Amino acid sequence: MSSFEDADTEETVTCLQITVYHPGQLQSGIFQSIRFCSRDKLPSSEVVKFGRNSNICRYTFQDKQVSRVQFSLQLFKQFNSSVLSFEIKNMSKKANLIMDSRELGYLNKMDLPYKCMIRFGEYQFLMEKEDGESLEFFEIQFILSPRSLLQENNWPPHRPIPKYGIYSLSSFQSSSPTEMDENELMNTESLREEM
């Protein structure tokens, strides 16, 4: 028998492709520490952190507006499933993450669908998962987009989330309840009466 016949069967590896965009990406070097187009192979037990602190985060953004640790991704396997999935957790106390149309506050986490848009401030990340067989490793591949991902992929427009605080969600349709203070409620009611 040849060594080819004796070789272990190669398993495919789950890959998360992350296409990134920021309007100042060319002038400011925000993504200069990220290697584009190559795949990084990581152990499945690793929690992957994104932010500006290079001592803590695997992927860093050269931007003082970004938190030391902005968000994290972790691989997991659903009960009774052979498919690996990712969950995203917002690690920033200053800025919420928007995943498609859902807002994640500090320490909130959600499972990533196969394709979704993650946003905070002026950052846009299109995340697309490609399934693999390996339970030991996964890969992350970055692609730099020359134009806004919201326009390119026909995502609904949004207002950037300010560094401190949250914009009012009352103007957006939402499946979850939103809080209003008395002044917002009174302003909304007086606007309805004027109409």
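Q: In S12, which residue is the bridge partner of Val20?
A: Strands here are DSSP runs of E, at least two residues long, numbered from the N terminus. Two strands pair if DSSP finds at least two bridges between them. In this predicted model, Leu144 of S12 partners Val20. Strand S1 (residues 14-21) and strand S12 (residues 137-144) run parallel, joined by 7 bridges.

Q: How many bridges join strand S2 to S12?
A: 5 bridges do, and the two strands run antiparallel. Arg39 has Gln141 as its bridge partner in S12.

Q: What should I know before reading side chains?
A: Residues are numbered from 1 along each chain as its sequence is written, and side-chain values use heavy atoms, without hydrogens or water. Local features need pLDDT of at least 70, side-chain atom pairs count only at pLDDT 80 or more, and totals for chains, interfaces and linings use all residues.

Q: How many salt bridges does the structure hold?
A: A salt bridge puts a side-chain nitrogen of Lys or Arg within 4 Å of a carboxyl oxygen of Asp or Glu. The structure holds 6. One of them joins Arg35 and Asp40 (3.0 Å, N to O). Arg39, Glu130 and Glu139 form a salt-bridge network.

Q: Is Asp40 buried or exposed?
A: Buried means under 20% relative accessible area, exposed over 50%, partly exposed in between (1.4 Å probe, protein chains only). Asp40 is buried, because its relative accessible area is 14%. Its partner Arg35 is exposed at 51%.

Terms used. Helix = DSSP H or I, 4+ residues; strand = E, 2+ residues; numbered from the N terminus.
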